[in-house]
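Please prepare a briefing on the helix packing and the local backbone features of this structure, with the cut-offs behind each term stated.

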Amino acid sequence: MVVSPEEEHPVKAFGWAARDESGILSPFPFSRRATGEKDVRLKILYCGVCHSDLHSAKNDSGDGEVTYPVIPGHEIAGIVTEIGSNVTKVKVGDKVGVGCMVGSCRNCPNCENDLENYCPKMVLTYKSKYFDGTTTYGGYSDFMVCDEHFVIQWPENMPLDAGCPLLCAGITTYSPLKYFGLDKPTTHLGVVGLGGLGHVAVKFAKAFGSKVTVISTSPHKKEEAIKGLGADSFLVSTDQDQMMAAASTLHGILDTVSAPHSIQSLLNLLKPHGKLVILGLMVKPLELPAFPLVSGRKMVGGSGIGGMKEMQEMMDFAAERNITADVEVIPMDYINEAMERLGKADVKYRFVIDIAGTLKAE
């Protein structure tokens, strides 16, 4: 027997959902589980709009079939309204965040090493099946219930609206900088793409003291990269003369672009032993040339978000260094226009929905 989302759980909830591959979102009544003994219930105040939200709403991400309806949103900032009897991490009234995951097995080698994001049973904040078999729904909604392990304690001086995108865009760039040793003052880092991920990557790299070169197909982004974000230099990736002049100058590159593109020219920018880290989720397989890898002992790797310990570390570091995302705050009923603009890269650099102020139950 199929149970409707509105009757799946005992507590009534409200959000905006996509119901088919048009990706158009509209008001959607559903339900959340009751607060369990290790659960935290939070009123959602703000939720960032990630590029993966757009792909998930349209079911064109290439990472598996989406089951509709989908309530996107995994950059969630809110305030605790109820806690379970065994919760010790937060208290009612605390500001908290929830990122891309809400569950994992907690006992595999990845989980035991604070890498819940690589757990084979990791549960995404939305479009996943939770351990009770029900669907997870994201932050384009009035409240959520989450196991305390997957709740981030919000730094006191971090703004909720400009801080919530760090729960995806922030950790996605911070984690590879740390893991691949690209967080040193001696590092010369390349950042491919100046969007939601790229602009945060520049901010973290500069906070680590690194030299940063932004690499983009858009010449008009040079001023915003250097004057606006503090990058040291700018390369137009379609300008062969610029790219050749910069050959063998970078210790590492974070490639944040999800659109199909060649990585041959990027590998040429790396010094020997350099590292190209793929962060953008390209649907089409990469063409990987062997010669520049072998001739310079270069590496191509990837990275996906981060574990909960590192998530908290990232948020605390960002608060200490006053790192936030550059955001455009929007009302809930603007989300379809925002998605259309996001598809055209017409945002600097992250939409954030004012959930508490504009989400109205119908």
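Predicted model: local features only at pLDDT ≥ 70, side-chain atom pairs only at ≥ 80, totals over all residues.

Residues are numbered from 1 along each chain as its sequence is written, and side-chain values use heavy atoms, with hydrogens and water left out. Helices (H or I, at least four residues) and strands (E, at least two) are DSSP runs numbered from the N terminus.

**Helix H11 and its surroundings**

- In helix H11, which spans residues 335-343, the buried residues (under 20% relative accessible area, with exposed meaning over 50% and partly exposed in between, for a 1.4 Å probe and protein chains only) are Ile 335, Ala 338, Met 339, Arg 341 and Leu 342.
- Viewed down the axis of H11, these buried residues fall within an arc of 165 degrees, so they line one face of the helix; the arc is that of the directions from the helix axis to the C-beta atoms.
- Glu 340 and Gly 343, on the other side of H11, are exposed.
- The buried residues of H11 pack against strands S1 (11-18), S2 (25-32), S3 (39-49), S16 (327-330) and S17 (350-354), and also against helix H1 (51-58), where contact means heavy atoms within 4.5 Å.
- Just after H11, Ala 345 takes a positive phi of about 60 degrees.

- The buried residues of H4 are Ala 169, Gly 170, Ile 171, Thr 172, Thr 173, Tyr 174, Ser 175, Pro 176 and Leu 177.
- The cover over the buried residues of H4 includes helices H5 and H10 (308-320), together with strands S10 (188-192), S13 (250-255), S14 (270-278) and S17.
- Gly 181, which follows H4, has a positive phi near 70 degrees.

**Helix pairs**

- Two packed helices are described by the angle between their axes and the distance between the axes.
- The axes of H4 (residues 169-179) and H5 (residues 196-207) come within 8 Å and cross at roughly 50 degrees; axes are lines fitted to C-alpha atoms, for helices over the stretch in contact, and angles run from 0 to 180 degrees between N-to-C directions.
- H4 and H5 are therefore oblique to each other, given that angles under 35 degrees count as roughly parallel, over 145 as roughly antiparallel, 65 to 115 as roughly perpendicular and the rest as oblique.
- The contact between them is made by Ala 169, Gly 170, Thr 172, Thr 173, Tyr 174 and Leu 177 of H4 and by Gly 196, Leu 197, Val 200, Ala 201, Phe 204 and Ala 205 of H5.
- The residues of the contact of H4 with H5 divide into eight nonpolar, four polar and no charged, where Ala, Val, Leu, Ile, Met, Phe, Trp, Tyr, Cys and Pro count as nonpolar, Asp, Glu, Lys and Arg as charged, and the others, Gly among them, as polar.
- The axes of H1 and H11 come within 10 Å and cross at roughly 110 degrees, which makes H1 roughly perpendicular to H11.
- In this pair, His 51, Asp 53 and Leu 54 of H1 meet Met 339, Leu 342 and Gly 343 of H11, and by class the contact has three nonpolar, two polar and one charged residues.

**Backbone geometry at single residues**

- Tyr 68 and Pro 69 are joined by a cis peptide bond with omega about 0 degrees, and Pro 69 sits in the loop between H1 and strand S4 (76-83).
- The peptide bond from Lys 348 to Tyr 349 is also cis, with omega near -15 degrees, and Tyr 349 lies in the loop between H11 and S17.
- His 273, in strand S14, has a phi near 75 degrees, a positive value in a residue other than glycine.
- Asn 322 has a positive phi near 55 degrees; this residue is found in the loop between H10 and S16 and is exposed, with a relative accessible area of 64%.

**Exposed loop residues**

- Lys 121, in the loop between helix H2 (109-112) and strand S7 (123-124), is exposed, with a relative accessible area of 56%.
- Leaving aside neighbours within four places in sequence, Lys 121 is in contact with Gly 103, Ser 104, Cys 105 and Phe 131.
- Glu 287, in the loop between S14 and helix H9 (291-296), is exposed, with a relative accessible area of 71%.
- Glu 287 and Ile 263 are 24 residues apart in sequence and 7.6 Å apart in space, C-alpha to C-alpha.
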